[in-house]
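Here's a walk through one protein model, from the overall fold down to a few side chains. Have the viewer open as you read.

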Amino acid sequence: RLPLAAVGKARICLFAPPSAGPSREHATPLVIVGPRVATLVQNALERRGNIVTAVLDPLQDDYRLPLLEKPEFAYARRQVPAPLANMQRLLQEADAYVAITPEYNHAPSPGLLNTLNHFGSSTFSFKPSAIVSYSQGQWGGTRAALALRPIYTAALALRPILSELGCLPVSAMIHIPKAHEVLAADGTTTTTTTVVNNNNNNNEGEEVVPRTTTTTTNPTPEWDAYMDRCWAQLEWWGTAARHHRAQVDPWDKSPALQTSPSQRNAPK
C-alpha cells in the first residue's frame, strides 16, 4: 500500500520490470537487469524527499496476474479476485505512475501490457506518468518507449480501446542502454574501466610475464542528473493534479464510460 499518511508527498506507483518481461524462472541466459532498473528508479525517486513509492510486481502473490481473460472492471464488485482488487487499490491511491519496460520486437514488454490491460482508463485518468526503458543493447529500449508513449497519451487517431488510459506521460523519458554494464547488482549506476597491462618483454633471455587486466568500477553521478529532469516533471504534474482533484471533481464533466463503448460516439 502507498502510505496515505504521507501528506504533501507525491505517491508514485512503479510497474516493476518482472511484470514487464520474462519471469525470473524462465528468463534468457543474459543477465536479468529488470530488478536492477526498478531499484535504481525507486531509490532515485525517494531521494528527492517529496515522494513515496510502491513497486507493483505481478510475480508477487498479492498481485499475481494471469494472462488477460477478464479485466477488473468486468467483475461484480464483490467478486473481484484478490490480486486484482489489491492492484486496483494501489493504482487508485497513486498520484503518478512509472512504467519500466525492456524492448521486445521493437515494442513494450507483453507482461507490462498484460498488467495495464486488466484495468479501465478510469483507474489511470487525470494523473501523469513517466516511461523508463532499458536494454542490453545500444538503443536502451528506445523503440519500446516510443511504442509505449501512444498507449499512455491515447494521441493516435486510430487507437485501440485499451490505449485510452488517460495518464499523460511527461515529455522527458529515460533510456538505459547496455543496462547490464551500467547497473550494478544493487541498482547503482557505475562505469567500468578496463586497463590492459602488456607485461610481455621480448628481450632475449628474459622471462615472459603474462599480460594482466585491471578492471575498476566507479559510481556515475551523471545518471542522477540525466534522470532528474524526468522525475522533476513527474513530481510537479503529480502534485499539481492531486491538488486540483481535491478542489475539482474531474469526473463531473468527464464521467467514466460505464455501460457501452457507444457512449463515446459523436451525436447522430
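## Overall picture

Of the 268 residues in the protein, 41% are buried, where buried means under 20% relative accessible area, exposed means over 50% and partly exposed is in between (1.4 Å probe, protein chains only). This is a predicted model, in which local features need pLDDT of at least 70 and side-chain atom pairs count only at pLDDT 80 or more, while totals for chains, interfaces and linings use all residues. Residues are numbered from 1 along each chain as its sequence is written, and side-chain values use heavy atoms, with hydrogens and water left out.

The secondary structure comes to seven helices and seven strands. Both are DSSP runs numbered from the N terminus: helices are H or I with at least four residues, strands are E with at least two. Along the sequence the pattern reads β-α-β-α-β-α-α-β-α-β-α-β-β-α. Take the contacts (heavy atoms within 4.5 Å) between residues at least 6 apart in sequence: 76% of them join residues at least 24 apart.

## The sheet

Five strands form an open sheet in the order β2-β1-β3-β4-β5, with parallel pairing. Two strands count as paired if DSSP finds at least two bridges between them. At the edges stand β2 (51-56) and β5 (174-176), each with a single partner strand, so one side of each has no neighbour in the sheet. On average, neighbouring strands are turned by 20° against each other, direction ignored. Helix α7 packs on this sheet and touches β1, β2, β3, β4 (129-134) and β5, and its direction makes about 145° with that of β5. For these angles, axes are lines fitted to C-alpha atoms (for helices over the stretch in contact), and values run from 0 to 180 degrees between N-to-C directions.

Now for the pairings themselves. β1 (residues 10-15) and β3 (residues 96-101) run parallel over four bridges, with isoleucine 12 standing opposite alanine 96 in β3. β3 is joined to β4 by five bridges, also parallel, and valine 98 has alanine 130 of β4 as its bridge partner. Between β4 and β5 there are three bridges in the parallel sense; here tyrosine 134 partners isoleucine 176 of β5.

## Inside strand β4

How many residues of β4 are buried? Six of the six are, so the strand is largely enclosed by the rest of the structure. In a regular strand the side chains alternate between the two faces of the sheet. In β4, Ser129, Ile131 and Ser133 point one way, Ala130, Val132 and Tyr134 point the other way, and all are buried.

## Rings and a charge

There are five aromatic pairs in the structure. Rings of Phe, Tyr and Trp (its six-membered ring) pair if their centres lie within 6.5 Å; planes under 30 degrees apart count as stacked, over 60 as edge-to-face and the rest as tilted. Tryptophan 223 and tyrosine 226 make an edge-to-face pair, because their ring centres are 5.4 Å apart and their planes are at 80°. Both residues lie in helix α7 (residues 222-247), three residues apart, or about one turn of the helix. Tryptophan 223 is buried at 15% relative accessible area, whereas tyrosine 226 is partly exposed at 36%.

Tryptophan 236 and tryptophan 237 are edge-to-face too, with centres 4.8 Å apart and planes at 75°. Tryptophan 236 is exposed at 55% relative accessibility, and tryptophan 237 is partly exposed at 48%. Elsewhere, ring pairs link Phe15, Tyr97 and Phe124 into a cluster.

The structure has zero disulfides, a disulfide being a pair of cysteine sulfur atoms within 2.5 Å. Cysteine 13 is buried at 0% relative accessible area, and cysteine 167 is buried at 0% as well.

Which residues other than glycine have a positive phi? Phenylalanine 126 is one of them, with phi near 65°; it lies in the loop between α4 (121-124) and β4 and is partly exposed at 33% relative accessibility. Lysine 178 has a positive phi of about 50°. Lysine 178 lies in the loop between β5 and α6 (179-182), and is partly exposed at 41%.
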